[in-house]
Amino acid sequence: MEDIQLALTAARTDQKNFGLWLKNWQVGQTLSALVSGQRPSGELVLRVGGLQITATADIPVQQGARLLLEVRQLQPQAVLRIIAPPGGAAASEQSGNVRLLGAAAPGLETVNALARVVGQLQPADGAVRALPTESLALVRQLLRAVPRAAQLLQPSGLRAAVAASGTFSEAQLLHSAGKPPGTAPPPVDLKSSLARVLAHVDARLEGVNAIPTRAADAAALLALRQELESALTAITTNQLASLPGDTATARSWLFTLPFLWQEEYRQLQLQLEREAPQPGDPDEQERWRLQLNLELPRLGQIAVEARLTQGQLAVEVISDRPAVRRLVQASSGLLESALENRGLSLAGLISRPPTAGSTAPPVTPSSLDLRA
């Protein structure tokens with residue numbers, strides 16, 4: 001990626017203060033700057049710490065933007081490079097856009113966002129190493145809360161993962177606010193944990209002027225910030241999709257559950273729907289629909305749709321791999337026995353390939369307890 005440079009001209013600043021600041025700067029140092037204005041000539045007015053300086057840039061930069069800058073050279077003229085997170089769009093594109101601190105990238109990618117961000121929070125990763133020591137305890141707490149795949153196969157484990165998914169985050173806080181003082185605090189869920197980590201990352205990025213930071217670490221922190229925003233956006237999308245509709249009888253809830261599978265983080269998309277009653281249904285009869293979306297190594301994408309009516313469960317498994325479909329059919333006896341132990345009966349089990357042009361997301365194995 002070509003450098004995007006800001007050339008600082010000492011003649012356009014307070015000479016005395018600028019000279020003192022230059023003596024404190026070092027090549028390779030990372031600085032945080034606010035674009036406080038722009039002159040009619042097109043020159044930028046930057047505020048770096050308590051110093052206001054004028055700079056020229058070879059790309060458009062928005063007023064009010066906060067930038068991370070790497071000191072590239074100090075003599076004969078101070079030159080800073082705008083840092084973009086690794087893997088981001090090249091900052092030298094013809095559009096002239098730069099990745100700014102505090103602004104999400106256009107087209108924020110939320111697919112597998114939770115699995116990605118949990119994977120990036122590993123203590124050995126560069127971004128986490130750049131966080132202060134007090135932030136690491138928060139990161140470890142979040143990672144310990146991510147279940148293993150085997151835990152999601154148990155009713156209690158699945159129930160706990162759904163409760164901690166973040167879909168009910170504000171509802172849980174509101175419920176706890178109505179309790180008497182001294183009662184147990186609300187359970188920590190994924191959304192609140194990610195938001196707390198994001199606040200720590202923001203604070204670390206704001207402090208790059210005071211704490212020496214390598215450009216690579218600053219870029220890693222920017223990338224982690226983007227992934228945290230993406231994950232929080234995914235959870236918020238689930239919350240919006242889970243809001244009550246126009247009818248009081250039909251209701252849908254959406255959850256994204258990250259989990260650990262063979263030392264690799266994956267995620268399960270789960271949608272639970274209480275369907276509206278059909279004409280002629282008894283008043284007490286409820287119809288439930290469950291859809292699970294999952295992709296695993298060697299198994300590929302799997303979609304499972306289950307419908308429960310009066311203790312009768314009909315299951316449909318969709319996979320593009322014949323071996324997976326054969327395994328499903330061969331396991332029908334085990335599924336039927338497992339359902340009987342929970343007071344349910346298997347009304348039907350179908351495994352089929354995806355239909356042509358189908359856009360339905362893939363889903364997860366049917367061994368999960370549907371009443372969890």
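**Reading salt bridges and a buried threonine**

Guide: A search of this whole predicted model turns up 13 salt bridges.

Visitor: Where in the chain do arginine 148 and glutamate 263 lie?

Guide: They sit in distant parts, 115 residues apart. Arginine 148 is in the loop between helix H4 (133-144) and helix H5 (149-152). Glutamate 263 is in the loop between strand S7 (251-261) and strand S8 (264-275).

Visitor: Is glutamate 263 buried or exposed?

Guide: The cut-offs decide: buried is under 20% relative accessible area, exposed is over 50%, and partly exposed falls in between. Glutamate 263 has 60%, so it is exposed. Arginine 148 has 43%, so it is partly exposed.

Visitor: Which salt bridge does lysine 191 make?

Guide: The side chain of lysine 191 meets that of glutamate 170 at 2.8 Å, N to O. This pair also links distant parts of the chain: lysine 191 is in helix H8 (residues 190-206), and glutamate 170 is in helix H7, 21 residues apart.

Visitor: Why does lysine 191 count as buried?

Guide: Lysine 191 counts as buried because its relative accessibility is 15%, and the limit is under 20%. Glutamate 170, at 41%, is partly exposed.

Visitor: Which residues do salt bridges with shared partners join into one network?

Guide: Start with one pair. Glutamate 305 and arginine 307 form a salt bridge at 3.2 Å, N to O. Shared partners then join Glu273, Glu275, Arg289, Glu305 and Arg307 into one network. As for accessibility, glutamate 305 is partly exposed at 22%. Arginine 307 is partly exposed too, with 36%.

Visitor: Now threonine 167. Where is it placed?

Guide: Threonine 167 lies in the loop between helix H6 (155-163) and helix H7 (169-177). Its relative accessibility is 9%, so threonine 167 counts as buried.

Visitor: What is threonine 167 in contact with, leaving aside its neighbours within four places in sequence?

Guide: For contacts, look for heavy atoms within 4.5 Å. With those neighbours left aside, threonine 167 touches Ile235, Asn238, Gln239, Ser242, Leu254 and Phe255.

Visitor: Which backbone oxygen lies 2.9 Å from a polar atom of the threonine 167 side chain?

Guide: That of leucine 254.

How values were computed. Residues are numbered from 1 along each chain as its sequence is written. This is a predicted model: local features need pLDDT of at least 70, side-chain atom pairs count only at pLDDT 80 or more; totals for chains, interfaces and linings use all residues. Side-chain values use heavy atoms; hydrogens and water are left out. Helices (H or I, at least four residues) and strands (E, at least two) are DSSP runs, numbered from the N terminus. Buried means under 20% relative accessible area, exposed over 50%, partly exposed in between (1.4 Å probe, protein chains only). A polar contact is a pair of N or O atoms within 3.5 Å; within protein, one must be able to donate a hydrogen and the other to accept it, and residues adjacent in sequence count only if both atoms are side-chain atoms. A salt bridge is a side-chain nitrogen of Lys or Arg within 4 Å of a carboxyl oxygen of Asp or Glu.
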